[in-house]
Amino acid sequence: LTYEVMAALSEVGIGQSTCVGIGGDPVLGLSFSEVVELFEADPATEQLVLIGEIGGTDEEKAAEMIKTRRSRLRTVGFISGRTAPEGKRMGHAGAIISGNRGTAKSKEEAFAAAGIAVAETTDQIVQMLRSSVAGSR
């Protein structure tokens with residue numbers, strides 16, 4: 001999905017300074033929150049895309065941090081796996097859902113509560129960022 005979104009953004013003239021693939025494994029090199037902090041500290045970064053997936057709570061933690069710190073970045077979030085059947089074991093360990101956390105719905109609600117625009121498709125990510133860039137000119 002990351003490559004797909006990067007290519008679509010490039011196609012419409014929106015560049016990317018950096019792309020970080022966090023993955024969905026239980027043990028991460030960097031968390032979403034740590035990566036958001038790095039982008040927040042970069043004065044050249046104006047927009048951010050968070051592409052997550054069902055399982056775990058890393059995206060929800062990042063959304064809470066963005067909300068608490070009142071991030072200056074225009075952010076769009078997308079959660080993959082929103083159509084996965086509830087209660088069905090998925091193919092990798094990162095897709096473990098605990099109670100009412102880690103679901104596509106809980107992550108999208110956390111994004112929305114933090115002021116993060118929530119895309120339902122990868123095409124919407126491009127549309128949202130494109131309109132944001134056009135609006136800032």
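Biologist: Why does R72 count as partly exposed?

Modeller: R72 has 40% relative accessibility. Buried means under 20% relative accessible area, exposed means over 50%, and partly exposed is in between (1.4 Å probe, protein chains only). The 40% of R72 falls in between, so R72 is partly exposed.

Biologist: What kind of model is this, and how are residues numbered?

Modeller: This is a predicted model, with residues numbered from 1 along each chain as its sequence is written. Local features need pLDDT of at least 70, side-chain atom pairs count only at pLDDT 80 or more, totals for chains, interfaces and linings use all residues, and side-chain values use heavy atoms, leaving out hydrogens and water.

Biologist: What makes E40 and R72 a salt bridge?

Modeller: Their closest N and O atoms are 3.6 Å apart. The pair ties together parts that are 32 residues apart in sequence, because E40 lies in helix α2 and R72 in the loop between α3 and β2. The rule asks for a side-chain nitrogen of Lys or Arg within 4 Å of a carboxyl oxygen of Asp or Glu. The 3.6 Å of E40 and R72 meets that, so the label holds.

Biologist: How do you know where a helix or strand runs?

Modeller: Both are DSSP runs, numbered from the N terminus: helices are H or I with at least four residues, strands are E with at least two. Helix α2 covers 32-41 and strand β1 covers 47-53.

Biologist: Why is E40 called partly exposed?

Modeller: E40 has 27% relative accessibility, so it counts as partly exposed.

Biologist: What makes R69 and E37 a salt bridge?

Modeller: The closest N and O atoms of R69 and E37 are 3.5 Å apart, which qualifies. R69 lies in helix α3 and E37 in helix α2, so this pair ties together parts 32 residues apart in sequence.

Biologist: Are R69 and E37 buried, partly exposed or exposed?

Modeller: R69 is exposed, with a relative accessible area of 54%. E37 is partly exposed, at 35% relative accessibility.

Biologist: What makes R74 and E46 a salt bridge?

Modeller: Their side chains meet at 3.8 Å, N to O. The partners are 28 residues apart: R74 is in strand β2, E46 in the loop between α2 and β1. By this rule the count comes to six salt bridges.

Biologist: What does E46 contact?

Modeller: Contact means heavy atoms within 4.5 Å. Leaving aside neighbours within four places in sequence, E46 contacts R72, L73 and R74. The C-alpha atoms of E46 and T75 are 8.8 Å apart.

Biologist: Why is T75 called buried?

Modeller: T75 has 7% relative accessibility, so it counts as buried. T75 sits in strand β2. Beyond four places in sequence, its contacts are L48, L50, I116 and A117.

Biologist: How do you know that the T75 side chain makes a polar contact with L73?

Modeller: The T75 side chain reaches the backbone oxygen of L73 at 3.2 Å. A polar contact is a donor and acceptor pair of N or O atoms within 3.5 Å; residues adjacent in sequence count only if both atoms are side-chain atoms.

Biologist: Which residues of helix α4 are buried, and what covers them?

Modeller: In α4 (residues 104-113) the buried residues are A104, S106, K107, E108 and F111. Their cover includes β1, α3 (58-69), β2 (74-80) and β3 (117-119).
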